[in-house]
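Subject: Structure for you to look at

Hello,

Here is the structure you will be working with. Please open it first and then read the notes below it.

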Amino acid sequence: KAFFDHDEVASPSDPPPRGRAASWLGWPAQGMVQFARVTGDERALELAGKLFRYILYHGDYFDREGRWLVDIPDSAPEHPRHGAVHFHNHTLVLHGALLYAQLAGDKQMLDFVVHNYEYAKGTGEPLLGFFPEHAGGPRHPQASEICSVADMVDMALRLASAGLGDHYWDD
């Protein structure tokens, strides 16, 4: 089940979230990173890392080669989002994972984010600042979404300011 009421509890027998539903774990994880940054709370940072590792390595939303996977795994061909790959859902996770990796000093996650950042650049047109709403699927190509552009600008600035390469300033 992907949606729960505010007071509903998941059943331990439910399968773990996959695809886009797994990516939604990035919202609270990013909040935990910000909380840990401000307060120094190591437990919040540890839990954020666990959530990001689940999304990136086990959530069926990213593969090991840096490609982005579909939003709804195993959806039927007649499903309106069958084959869709939403850009911002992916970059939102990467943005949060970057914040976590930098704060936690997690080199493996940082490398994963950098690899996926390069993949993201290849799905759009970086020179013009065009990043699509969907990086694949039935609605691709189409208009650019400003949230996707903002994600890419923010990640480039963070990678550059972290000293990971002057070419990120150009991005």
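How close do the axes of α2 and α4 come, and at what angle do they cross? They come within 9 Å and cross at roughly 25°. That makes α2 roughly parallel to α4, since angles under 35 degrees count as roughly parallel, over 145 as roughly antiparallel, 65 to 115 as roughly perpendicular and the rest as oblique.

Before the rest, two notes on the source. This is a predicted model, in which local features need pLDDT of at least 70 and side-chain atom pairs count only at pLDDT 80 or more, while totals for chains, interfaces and linings use all residues. Residues are numbered from 1 along each chain as its sequence is written, and side-chain values use heavy atoms, with hydrogens and water left out.

Helices

Helices here are DSSP runs (H or I, at least four residues), as are strands (E, at least two), and both are numbered from the N terminus. Two packed helices are described by the angle between their axes and the distance between the axes. The axes are lines fitted to C-alpha atoms, for helices over the stretch in contact, and the angles run from 0 to 180 degrees between N-to-C directions.

α2 passes α4 in a left-handed crossing (the near helix is turned anticlockwise from the far one by less than a right angle; clockwise would be right-handed). Helix α4 (residues 87-104) also packs against helix α6 (residues 146-161), at an angle of about 25° and with the axes 9 Å apart. α4 and α6 are therefore roughly parallel to each other, and α4 passes α6 in a left-handed crossing.

Helix α2 (residues 26-39) contains Phe35. Phe35 is partly exposed, with a relative accessible area of 44% (buried means under 20%, exposed over 50%, partly exposed in between, with a 1.4 Å probe and protein chains only). From Phe35 to Leu45 is ten residues in sequence and 8.1 Å in space, C-alpha to C-alpha.

Salt bridges

Side chains of opposite charge can pair when their charged atoms come close. The structure holds eleven salt bridges (a side-chain nitrogen of Lys or Arg within 4 Å of a carboxyl oxygen of Asp or Glu).

One of them joins Asp60 and Arg18, with the closest N and O atoms 2.6 Å apart. This pair links distant parts of the chain, 42 residues apart: Asp60 is in the loop between α3 and β1, and Arg18 is in the segment before α1 (20-23). Asp60 is partly exposed at 33%, and Arg18 is partly exposed at 34%. A network of salt bridges links Arg18, Asp60 and Asp74.

Asp74 also lies in the loop between α3 and β1 and counts as exposed at 68% relative accessibility. Neither aspartate is a glycine, yet phi is positive in both: near 55° for Asp60 and about 65° for Asp74.

Within helix α5, Asp111 and Lys107 are four residues apart, about one turn of the helix. Their side chains meet in a salt bridge (2.9 Å, N to O). Another salt bridge, at 3.3 Å from N to O, is made by Arg43 and Asp41. Which of these two is buried and which is exposed? Arg43 is exposed, at 66%, whereas Asp41 is buried, at 17%.

Regards
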